[in-house]
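Please look over the sequence and the structure below before reading on.

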Amino acid sequence: MKDGNRARLVSKTLRLVTRAGLKPVFSTRLPLLMQRSVISAASRFFPRPQGVRDVEHYLDGVLARRLIPEGAPDGRAILYLHGGAYVLGSPGTHFGIAARIALASGCEVFVIDYRLAPEHPAPAALDDAVSAWKALTATHGAVALAGDSAGAGLALATAVALRDAALVAPRALALISPWVDLTLSGESMQTLAAADPLLSRDWLAWAAAHYANGRNLDDPMLSPLFSPLAGLPPVLIHVGSDEVLLSDTQRLETALRAAGVEVQSRVYQDLWHDFQLQAGLMPEADESLDTLGRFLRAGLEPAA
């Protein structure tokens, strides 16, 4: 079988597995603790890349996993914020993504275990991210930010908060399928509802309500799409064509350009939300993470 045909077969198979095995887990009918347990267990079936040392680490009291590729330079690092709609996920569930970014960038990646809603609603996750950032930049001279899904939205909100507080700025920002509008007002929430094999609007609305805990969903702290975006570092965004969050990326790219921010984006055709979690199984996922890692590495290079 030719490589192209094999890749298409793998993609179709993983789409079916995602729709049949994972989408039912992201349901308002399933207790949250069960959702967390199932996702944690499912993540163990994803291939784990070799060549990265995994060390427990604390950043100002925030637990993190420090992923260290061989030959990582001193003084350069990436702070990674995992996805999970602010209600589930962990450094463990997103080890594969973060480890591959570490390998592609050649730099240490710190994946923080930020507090989750509803036990810890906003602004707990943002507070943890900012605290971890300040601790990391106290020991590393060049740091970038990255994340996926809600973690990508949190990374953007963190970058805005750092700018507003005149703290050390990220050198670069890499975002995977960013959830940046908790009002769910993007057109793709409707137009791609049937195509998306993973997410549903109902589940996202349920998670958003848990995280917001009574705050207005268009509060820029929750929905950084509505923040002033001028002065942010270069941004790279990867998203699937078949996900309800596609409009979040499209509107974010437009807003960043209007604010004078350097931004690149790529839409992966016929792929879905957070397909990078299937890295090691799907060539497109491997390619995406390699590209994101190289982008972050370039941003962390010493200025000429």
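## Helix α2 and Arg36

The model discussed here is a predicted one. Arg36 sits in helix α2, which covers residues 32–43. A polar atom of the Arg36 side chain lies 2.7 Å from the backbone oxygen of Val87. The backbone oxygen of Ala117 is 3.0 Å from a polar atom of the Arg36 side chain. Leaving aside residues up to four places away in sequence, Arg36 touches Val87, Leu88, Leu116, Ala117, Pro118 and Glu119.

## Cavity and pocket

Helix α2 also takes part in the lining of the largest cavity, giving 3 residues, the largest share. The structure has 1 cavity of 30 Å³ or more. Its lining is made of 25 residues, and those closest to the centre are Phe26, Ile39, Leu198, Asp274 and Leu277. Two or more lining residues come from each of α1 (3–22), α2 and α7 (201–212).

The largest pocket is lined by 17 residues; nearest its centre are Ser43, Arg48, Gly92, Thr93 and Phe95. Here the elements that give two or more residues are α2 and α3 (95–105). Helix α3 gives the most to this lining, with 4 residues.

The table sets out volume and lining classes for both spaces.

| Space | Volume | Lining by class |
|---|---|---|
| Largest cavity | about 300 Å³ | 13 nonpolar, 10 polar, 2 charged residues |
| Largest pocket | about 210 Å³ | 6 nonpolar, 8 polar, 3 charged residues |

## The sheet and its helices

An open sheet is formed by 8 strands in the order β1-β2-β4-β3-β5-β6-β7-β8, with mixed pairing. Strands β1 (52–59) and β8 (263–268) are at the edges, and each pairs on one side only. On average, neighbouring strands of this sheet are turned by 20° against each other, direction ignored.

Within the sheet, strands β6 (residues 173–176) and β7 (residues 235–240) run parallel and are joined by 4 bridges. Ile176 stands opposite His238 in β7.

Which strands does α3 lie across? Helix α3 lies across β1, β2 (62–69), β3 (76–81), β4 (108–112) and β6, and runs at about 45° to β2. Helix α4 (residues 124–137) packs on the sheet as well, touching β1, β2, β3, β4 and β5 (142–148). The direction of α4 makes about 170° with that of β3.

Key:
Residues numbered from 1 in each chain as written. Predicted model: local features only at pLDDT ≥ 70, side-chain atom pairs only at ≥ 80, totals over all residues. Heavy atoms only, no water. Polar contact = N/O pair within 3.5 Å; in protein donor to acceptor, adjacent residues only side chain to side chain. Contact = heavy atoms within 4.5 Å. 1 Å grid on protein atoms, 1.4 Å probe; cavity = no way out; pocket = protein on both sides within 12 Å on 5 of 7 lines; lining within 4 Å. Points joined across faces, edges and corners; volume = space filled by probe spheres on them. Nonpolar A, V, L, I, M, F, W, Y, C, P; charged D, E, K, R; others polar. Pairing = 2+ DSSP bridges. Axes fitted to C-alpha atoms, helices over the stretch in contact; angles between N-to-C directions.
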